[in-house]
Structure formats: C-alpha cells, structure tokens
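Let's take a friendly walk through a protein model. Have the sequence and the 3D view ready, and follow along strand by strand.

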Number of protein chains: 2
Amino acid sequence: MNNRHAVIMAGGAGTRLWPLGRRERPKQFLPLVDERSLLKASAERLNGLLPHDQIHIVAGADQREAAEKAFGVMGERFIAEPEGRNTAPCIGLACQWLVHHDPSAMVAILPADHWITDEPIFRDTLERAFELATVSGRIVTIGIVPTHPSTGYGYLQLDGEEDDRGVPLRAFIEKPGAIQATQMLTAGGYLWNAGMFVARAQTLLDEIERQMPATSQALKAIGGAIGSADYDATLKAHYGNCQAISIDYGVMENADDVWAVPGRFGWSDVGSWDALGDVRPRDANGNATKGEAALIDCTNCVVDAAPGITVAAADLEGYVISATKDAVLVLPRRSSQRVKELLSALIKEGREDLK
Amino acid sequence: MNNRHAVIMAGGAGTRLWPLGRRERPKQFLPLVDERSLLKASAERLNGLLPHDQIHIVAGADQREAAEKAFGVMGERFIAEPEGRNTAPCIGLACQWLVHHDPSAMVAILPADHWITDEPIFRDTLERAFELATVSGRIVTIGIVPTHPSTGYGYLQLDGEEDDRGVPLRAFIEKPGAIQATQMLTAGGYLWNAGMFVARAQTLLDEIERQMPATSQALKAIGGAIGSADYDATLKAHYGNCQAISIDYGVMENADDVWAVPGRFGWSDVGSWDALGDVRPRDANGNATKGEAALIDCTNCVVDAAPGITVAAADLEGYVISATKDAVLVLPRRSSQRVKELLSALIKEGREDLK
C-alpha cells in the first residue's frame, strides 16, 4: 500500500496579481504561465510520485467548483474550510482527514500557487523528503537553494552540512532586508522557505496538540465527526475556535528536530507581476505576454490581456500592463508591490466590486 | 436677413486617438474635453454670431444619427457625403446647398474636431473674418498666433503687417521640421493653419470652377438636382467624380487675394493623445483624467477610462493610458504619434474590428 499523500493548499486569496487575480478568482486558479492553472500544475507535477487519488485539495467551500473543473469530481479529496484561518488549522484539518482513513499516512504539504521548473529535480527532492520523513519520523521541509539575495522570501537557516538524507534546520528567518539577504547568500547555509514540507500526518497533529492545545481540541472534535451526519455542523461549530496562525509560526518554529532537504529546481511564489514576468515565456525582447497584444519597441514588459481585449503599447521598458474587463493596471515592474496600495485606494472609494 | 452660415465639417475618421476614437466613432463625436462632443462644442461656440438654424453639418450619411443625437432633427442642415473625398469636394457640396437657398450666402467653414478656449475672442475673430469677407469679397482664413514651434501644424505665411481688417496671405507652408518651426516662430509673420475660413459661398464655387473644372462640373450637376426627386441618385452618380483633394491644395493655395485674420484664442486640433492632455482639465499633478482612475505618484499623464472600466496606475511620468472595452493603449506621451503604427500592425494581423 502506498501511504503517501499530498495536500495542496488552495485557499489563498491574494490580490498581488490584481486586477487579473481577484478575491473570487485567486491566482492558483488562473493559467498564469502556461495553459494550466497553477493549481493544476501543482497536482500534475506529482505524477509518478504518488497516486492521483491520494492528492487532496484544501480550500474554501466555494472553491470546490473551480477545483472540480480542474480535476473532475473530487469527493472527500476536496477538504473544505468553512472560513480561512491561515495555514496551521488548514493543515490540521487535512491531517484529521488523512489519519481517519490511514493512521500511517505520510503527507506532503504543498502550496497551490507557486511555479516550479525542472520538475524531475522537484520530484527527486520530494522523494528524498518522503524517505527522510518516513525513516526518521521527522518533519522535513523542502527549502530552495537561493539564486539571488531575495528580500521577498523567508529563509531557513541550516544547522550543519547536508548529507545524503538532508540537513538539520536551526531556525526560520523572516523576510530579510537587502543587506541581510546579501549576507545570508554570501555566508551560505540558508534556503528559501517555500512552504513545502513532508511529515507523517499524525506527527503534525501531535505537534499541534503540544503547541496549540485549543486548536488541537477543535480539530479532534472535527476529526471525530468525519463520516457522520454531524460533520458539517461540527466543522462549522469548531473550526472558528482554531487559532488563525501560519504553520511556520504555530508549529514549525518550535517543532522537534525539523530537517530540510535543499531543492535545486527553479521555483517562484509568483508573488507579484514582476515575479510573474520572470517565470513566463518571453519573446526576443524579453516581453512576457499573455493574450492579444501589439508591442512596438517594448522590452522586458509583462503584459496580460484578458480574452476579448487587445493591449497596444509602444516605447515601454520594464512595465506591467494587466487589462481585464473592468480594470486596467499599469505600472513599472519595480513598482509591482504597489498593487496593494492601488487596490486599497479603490476600496476606500467604495469599489469593493474590484477586489 | 442674416446671410451668415456655418458649415461644420464632421466627416473625418481619424484614428489618432485610438482606441477611444474609432472609424465609426471618430473624435468629433466624443466628449473628449468636457461633457460635450467636440462637434457640439464647435456649434455652441457660434452662439450669438449666427442663427442656430444656419449651422450646417457635412459628414457621411451614416453620421446623421450621431449628429441628430447632438442637435435634434437637422433636415437639410445635415449635408450627407456619399463617400469621403477630402475637404474640397465636401466644401463645394455644402456651398451648392447654401447658394441654392441664398445666392448671397456667406459661409464660415469650420472643423468639427478642434478645441477652442477663450470663446469670446474666437467669436470676435470670426466676426472680423465675416466682415472682411463680406466687404472685400475675399476668402479670409483664420490663422492661430503660434505659441510654440509646433511641427504638428501647417503654417500660413503672411504678406505684410496686420491692419484692422486683417493681413494678406503670401503662402501655405506644410508641417515644418523643428528647425524651420523655430525659425518661423522667431521671425514672426506666420500663423498656424487651423483650417477655418470665411467667404461668400459663391466665391468658393467660382474658385473651384477656375481651379478644379471637373469637380466643378460634378458639383453643378448635384446642385442642379437639389430639391428634386433625383437628388440622391445624382449625388451618388457625380460625387465620385470630384477630385479627392484638400481645400488647401485644391483651392486656397492658388486662390486670388486670400487674407488672414490672426486668432489670439486657445486652439488645438486635438490631433494626438499628447495634444488632448494639453487641453483637458488637469489635477494638481498634471494628470488629465477622464473616467474612473486611481493614480498613485503619477504626473502629467493622460488617462481615459471608458464607462465600466477603472484604470489603476502608479509611478508613471508622462504616459498615455486609454482603456476601452476591447482595446487598451499604453505609451509615453511623446510617442503619441505611434498609435498609427500600432493600429496598422493590428490591422495587418487581421484585426479590422479594432479600427
């Protein structure tokens, strides 16, 4: 029996790719890089590593339809959160489902909205993480070997040298400033925190019990109702009692004996228009274009035109243009983070419809 | 009896303000600067100068609806061109209508798609032109006193000093290069050619007869059918025989004894997005915005959002953004002339629908 499972967390509702990404159409459901949604790509890159019917998706109940559009009827493999309460409760809920059916379940927790190249290397890395987690009983994170001093990612500080199993983890480091990021890159011994890890599901539940007792109690009540007619009511009644906190803060930072397996594949959290421009196919002038566009003397631009809209641009170097039916974004790539400010300004003016 | 008429030429189909301006929705029918279309503003600024029912519009037959939307039922005051054949035939056709009803008719020929500020000064100038044309029998152009060395306009070279009647015209000068434009501005004695002039309608027809005999013959055949059941058929049969040429080339350059009256009012042909940005009301940061927009740290931009579309932009200096339902334009203001290239590129790809 293959006891390997994957839980893909698809509940995020980021608006960093607004106006393309919206509250009700978050980036994991969008075909951002190729013709597949990021979610679909996240599942497909697990091919060969574990059975398709052991891939689970956890997300808001209202996203079941979008998930089933991508994967067909999912049944119990779609695990619905009654409300978003960050990743610790979300992962705890998924683990309750897994151990209900298989107390020995091993699980890879994976984000739905990242982009990975070099998929064979990704699969080898995940294979190593499964092996280490299975043999050792440890929680094993997959960190990315940094290629530049990014200030957009959190870091994993390693404790010693990598051997053929992996390397022990010393600490989680918050997103650094530019100087600290450069120092870490120079010093070595740091990985980007990609939010991917492998563990026995029961180990994660045990850590939650130890570190987040109230949340654990709520999750146990929910887990006890799985398979009964009371499940929905129990979920609704108790999920809100879970502490809304990330798995990093709530569990990983103080978990016993966490290890890392360094990932040497291409990886991006596609966390901004600028980042999207880096992972998309580009034309000879460096423009990453999706949809209908006429570009004259444009270089290194990220252009996204929704169906039915044509973008025409000239003499632009390094700009973002995202054109949707009701909103158009234009800014320099280096200003990609200001999308949030723009959206906030619009919401302040009562434009909740654009969220 | 007031024998003063105005003929507003509304047949142009420029796409220099694409994607807002389209073949079927040219700029004269758009509320570009304030809430009125340029055409409506062109008519309203004649208030007090001549009776409303002596304002005629000449345009393609398919634009009657748009014209009547602006002005109410126009009857014979809407003069339909069966096809666009540049301004000489268009003006000749209008003059046939005017002399049919009133052989003594004086006419001001005015473009529908320009923007004028300082309207009282405009009216005084036009009044002077009517007076000079009436008294002298001359063709009298209204030229604009240049405010900068524009390379986007043609020029009128004056022949002597202005007196209280006006000033004789020596020559029409094509759009100059930057050096020539600066020389003309420094030297003085030049006006911008605004395409506005006043004459007895019969004088214009006489000049057409002298300089463009074939066109004159066609126009006479059409004029002879006015009021008869054959008019439409005659118009269709003969208008195509008119030479497709501008009034400047076809008539004005070689007309006898043309005079000019210098106009000291604000004037723009709104011939580009850049020009539109100069005539529109601007916010404290110099942004000329129409429609819904959120701008953060943007200066001197021209932003146009069609109803139902919101433009969001940050960190832009001197850019044009025009967002319509099916097309979005983004370029630096100084690249405004490249709209043509972009549209050509799209049409080459079979996108006639965007024209």
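Which residue of β10(B) is the bridge partner of B:Pro168? In β10(B), that partner is B:Trp259.

Before going on, some ground rules. This is a predicted model, where local features need pLDDT of at least 70, side-chain atom pairs count only at pLDDT 80 or more, and totals for chains, interfaces and linings use all residues. Residues are numbered from 1 along each chain as its sequence is written, while chains are lettered from A and ligands numbered from 1 in the order in which they are written.

**Strands in chain B**

Helices (H or I, at least four residues) and strands (E, at least two) are DSSP runs, numbered from the N terminus. Two strands pair if DSSP finds at least two bridges between them. Here are some pairs to look up:

| Strand | Partner | Sense | Bridges |
|---|---|---|---|
| β6(B) (residues 140-144) | β10(B) | parallel | five |
| β8(B) (residues 167-173) | β10(B) | antiparallel | two |
| β6(B) | β9(B) (residues 190-200) | antiparallel | five |

Now zoom in on β6(B). B:Thr141 stands opposite B:Ala260 in β10(B), and in β9(B) the bridge partner of B:Thr141 is B:Phe197. B:Val140, for its part, sits opposite B:Trp259 of β10(B).

How well covered are these strands? A residue is called buried if 20 or more other C-beta atoms lie within 10 Å of its own, exposed if 12 or fewer, and partly exposed in between, with C-beta atoms placed from the backbone. In β6(B), five of the five residues are buried, so the strand is largely enclosed by the rest of the structure. That holds for both faces: B:Val140, B:Ile142 and B:Ile144 are buried on one side, B:Thr141 and B:Gly143 on the other. β10(B), residues 259-263, is mostly covered, with four of its five residues buried.

**A helix in chain A**

Next, find α7(A), residues 213-225.

Just after the helix, A:Gly227 takes a positive phi of about 90°.

**Where the two chains meet**

Residues are in contact if their C-beta atoms, placed from the backbone, lie within 7 Å. The contact between the chains takes 28 residues from chain A and 28 residues from chain B. On chain A's side, β17(A) gives the most, with six residues. β17(A) also pairs with β15(B) (residues 310-314) in the parallel sense over four bridges, and A:Leu329 stands opposite B:Ala312 there.

How do the copies relate? Chain A can be laid on chain B with an RMSD of 0.1 Å by a turn of 180° and a shift of 0.1 Å along the axis, superposing by least squares on the C-alpha atoms of residues with pLDDT of at least 70 in both. That is the relation of a two-fold axis. In chain A, the C-alpha nearest the axis belongs to A:Lys325, 3.4 Å from it. Finally, 100% of the interface residues of chain A are also interface residues in chain B, so the copies meet through the same surface.

Key
Two residues are in contact if their C-beta atoms, placed from the backbone, lie within 7 Å.
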